[in-house]
Amino acid sequence: MTTNIENLNPKLYKKCDDRELSQFDEDEDIVDEFDSREVFDLIRNINDPEHPLTLEELNVVEQNNIEVDNNNNEINVQFTPTIPHCSMATLIGLSLQVQLLRTLPPRFKVQVKVSPGTHASEHAINKQLADKERVAAALENTSLIQVINQCIAVEE
């Protein structure tokens, strides 16, 4: 079986520096609200399904495309596929959702969407990612969850 890679030479972007911890990050008694950088740090190292690169290196996820509303317990993430006809966009969106659902406190409602105007099937993908039943059914598919687990596996 041959693999057909859609974007053979993706453009690479510089990774941002790791965030330096402050004295407050170490103190367990201080309530620290989530911010876009903290959410970005949770998803930046997700691997692209087609390339041995992270979503940050491909500029698929960016900190400025993440909104955190601590008062309403909502997190909205927009991602940008590398090409407008990327067949992996839904898989990338699912990987983002799974990573955030596994790592964030359960109080948060997480919404993952394709950035406006960046994919030919943006509306259909966003509809799929917003449909809890379709997402749950996808995550019950053993082969699909294996691929998602490979994408979100962080190498130390």
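Residues count from 1 along each chain as its sequence is written, and side-chain values use heavy atoms, leaving out hydrogens and water. Since this is a prediction, local features need pLDDT of at least 70 and side-chain atom pairs count only at pLDDT 80 or more, while totals for chains, interfaces and linings use all residues.

**Exercise 1: the aromatic pair**

Find the aromatic pair in the structure and say which geometry it has.

Step 1. Grab the rule: rings of Phe, Tyr and Trp (its six-membered ring) pair if their centres lie within 6.5 Å, with planes under 30 degrees apart called stacked, over 60 edge-to-face and the rest tilted.

Step 2. Searching the whole structure turns up one pair. The ring centres of F34 and F108 are 5.2 Å apart and the planes sit at 85 degrees, so this is an edge-to-face pair.

Step 3. F34 is in the loop between helix 1 (23-26) and helix 2 (36-43), F108 is in the loop between helix 3 (89-103) and strand 3 (109-114), and 74 residues separate them.

Step 4. Check burial (under 20% relative accessible area is buried, over 50% exposed, partly exposed in between; 1.4 Å probe, protein chains only). F34 comes out buried at 16%, and F108 is buried too, at 7%.

**Exercise 2: helix against helix**

Work out how helix 3 and helix 6 are oriented to each other.

Step 1. Axes are lines fitted to C-alpha atoms, for helices over the stretch in contact, and angles run from 0 to 180 degrees between N-to-C directions. For helix 3 and helix 6 (residues 142-152), the angle is about 70 degrees and the axes are 9 Å apart.

Step 2. Apply the cut-offs: under 35 degrees is roughly parallel, over 145 roughly antiparallel, 65 to 115 roughly perpendicular and the rest oblique. Helix 3 and helix 6 are therefore roughly perpendicular.

Technical notes
Helices (H or I, at least four residues) and strands (E, at least two) are DSSP runs, numbered from the N terminus.
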